[in-house]
Amino acid sequence: MAIKFSSPEVTPMQEIPVDFTCDGAEISPPLIWSEVPEGSETLVVICHDPDMVHGEWVHWICYDIPAECDGLPEGIPKTDSIPLGGKQGLNDFLKVGYGGPCPPSGKHTYIFRLYAIDCHLGLGPGKSREEVQGAMQHHILASAEFAACYTRR
């Protein structure tokens, strides 16, 4: 059984709407998921841009989201905690919460990935991608992803 993961506002492999980018309101897009595997305690969401010259650029990290949640609403506040439960990490803009697509040039791809985890990670807020991925290693039950793109005009 695979997790179903998508956004009602971001169509896979299409242009991300400007409201979710640095050229717009830079709010986080809504995300929805279903068919989370039995035994999942928490969920992790990571959004990154693999097209940067010097490696991947992390735009958003959310972790310890209760497995009972079926998504995240649009416009999650850029605070340590998520209103539905869970925490937000430090993005590569060195800020907590969502940092919208803002490519320096050309078309970039943005990958949204969801992980089902069999435990609480036990991390405080504001952790890096490396810290979150290290804590969830050997605890991933399933994952799903979708990608979209953005080009600055």
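Modeller: Two strands pair if DSSP finds at least two bridges between them. Keep in mind that this is a predicted model.

Colleague: What makes strand 1 and strand 2 a pair?

Modeller: Three bridges join strand 1 to strand 2 (residues 31–34) in the antiparallel sense, and the rule asks for at least two, so the two strands count as paired. Lys-4, for instance, stands opposite Ser-34 in strand 2. The open sheet they belong to has three strands in the order 1-2-5, with antiparallel pairing.

Colleague: Why are strand 1 and strand 5 said to stand at the edges?

Modeller: Strand 1 (4–6) and strand 5 (71–72) each have a single partner strand, so one side of each is left without a neighbour in the sheet.

Colleague: What is the strand order in the open sheet of five strands?

Modeller: The order is 6-4-3-7-8, and the pairing is antiparallel. Strand 6 (87–88) and strand 8 (140–151) are the edge strands, each pairing on one side only. Strand 3 (residues 42–49) is joined to strand 4 (residues 57–66) over seven bridges, with Asp-49 opposite Trp-57. Seven bridges also join strand 3 to strand 7, where Ala-116 is the bridge partner of Leu-43. Between strand 7 and strand 8 there are eleven bridges, and Leu-114 has Ala-144 as its bridge partner in strand 8.

Colleague: What makes strand 7 mostly covered?

Modeller: Nine of the eleven residues in strand 7 are buried. Helix 1 (residues 129–136) lies across strand 3, strand 4, strand 7 (107–117) and strand 8.

Colleague: How do you know that Cys-22 and Cys-102 form a disulfide?

Modeller: Their sulfur atoms are 2.2 Å apart, and the cut-off is within 2.5 Å, so the pair qualifies. The count by this rule is one disulfide. The pair links distant parts of the chain, 80 residues apart: Cys-22 is in the loop between strand 1 and strand 2, and Cys-102 in the loop between strand 6 and strand 7.

Colleague: Why is Cys-149 called buried, and Cys-22 partly exposed?

Modeller: Buried means under 20% relative accessible area, and exposed over 50%. Cys-149 has 5%, so it is buried. Cys-22 has 23%, which lies in between, so it is partly exposed.

Definitions and conventions. Residues are numbered from 1 along each chain as its sequence is written. This is a predicted model: local features need pLDDT of at least 70, side-chain atom pairs count only at pLDDT 80 or more; totals for chains, interfaces and linings use all residues. Side-chain values use heavy atoms; hydrogens and water are left out. Helices (H or I, at least four residues) and strands (E, at least two) are DSSP runs, numbered from the N terminus. Contact means heavy atoms within 4.5 Å. Axes are lines fitted to C-alpha atoms, for helices over the stretch in contact, and angles run from 0 to 180 degrees between N-to-C directions. Buried means under 20% relative accessible area, exposed over 50%, partly exposed in between (1.4 Å probe, protein chains only).
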